[in-house]
Amino acid sequence: VYKRQTFNGLEGMSNCTLCPTGHVCPGWSRTQPERCPAGYVCNALGQSQPVLTCPEGYFCGEGTLTLDPADPTIHRPQPCPPGTHSPEHGTHGECE
């Protein structure tokens with residue numbers, strides 16, 4: 001049985017791998033991590049659930065791994081298109 005916040009994709013192996021950034025590993029005995037849900041940022045290793053919401057005025061799709069919109073990764077907060085906004089933090093990643 002693997003610990004929370006970890007996973008192991010290899011059957012029969014006893015070692016656990018910390019959940020990578022941009023992902024969450026809820027529950028026990030995971031074989032694969034889940035992508036961070038839209039509207040959240042998973043910027044640390046070993047998260048069992050997201051704790052940071054997307055910054056106001058930005059869209060955060062699944063797998064967002066940084067709060068920095070200037071980070072070169074594609075998994076960063078994206079600005080809402082002109083004429084739209086993100087009304088509150090953590091709004092499922094959608095701009096209105």
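Pro81 lies in the segment after β8 (78-79) of this predicted model. Strands, like helices, are DSSP runs numbered from the N terminus; a strand (E) has at least two residues and a helix (H or I) at least four. At 44% relative accessibility, Pro81 is partly exposed. That class falls between buried, under 20% relative accessible area, and exposed, over 50% (1.4 Å probe, protein chains only). Pro81 and Glu96 are 15 residues apart along the chain. Their C-alpha atoms are separated by 9.0 Å.

Residue numbers start from 1 along each chain as its sequence is written, and side-chain values rest on heavy atoms, with hydrogens and water left out. Because the model is predicted, local features need pLDDT of at least 70 and side-chain atom pairs count only at pLDDT 80 or more, while totals for chains, interfaces and linings use all residues.

The chain contains zero helices and eight strands. Its pattern along the sequence is β-β-β-β-β-β-β-β. Of its 96 residues, 31% are buried. The chain exposes about 5800 Å². Carbon and sulfur atoms supply 54% of that area. Accessible areas were computed by the Shrake-Rupley method with a 1.4 Å probe; for residues, only the protein chains shown count as cover. Contacts (heavy atoms within 4.5 Å) were also sorted by sequence separation. Among those between residues at least 6 apart in sequence, 35% join residues at least 24 apart.

Two loop residues were examined next. Gln47 sits in the loop between β5 (40-41) and β6 (52-53). Its relative accessible area is 8%, so Gln47 counts as buried. The Gln47 side chain reaches the backbone nitrogen of Asn43 at 3.3 Å. This is a polar contact, defined as a pair of N or O atoms within 3.5 Å; within protein, one must be able to donate a hydrogen and the other to accept it, and residues adjacent in sequence count only if both atoms are side-chain atoms.

Thr66 belongs to the loop between β7 (58-59) and β8. Thr66 is buried, because its relative accessible area is 11%. The side chain of Thr66 reaches the backbone nitrogen of Asp68 at 3.1 Å. Beyond its neighbours within four places in sequence, Thr66 touches Val41, Asn43, Asp71, Thr73, His75, Arg76 and Pro77.

The structure holds four disulfides. A disulfide is a covalent bond between the sulfur atoms of two cysteines. The cut-off applied here is a pair of cysteine sulfur atoms within 2.5 Å. With the bonded cysteines numbered in sequence order, the pairing runs 1-2, 3-4, 5-6, 7-8.

Among these links is the one between Cys19 and Cys25, with an S to S distance of 2.4 Å. It is right-handed, at 85° about the S-S bond. Cys19 and Cys25 are both buried.

Cys36 is joined to Cys42, with the sulfur atoms 2.2 Å apart. The link of Cys36 and Cys42 is right-handed, with 70° about the S-S bond. Cys36 is buried at 0% relative accessibility. Cys42 is also buried, with a relative accessible area of 0%.

Cys54 pairs with Cys60 at an S to S distance of 2.1 Å. The Cys54 and Cys60 link has 75° about the S-S bond and is right-handed. Cys54 has 3% relative accessibility and therefore counts as buried. Cys60 is buried at 0%.
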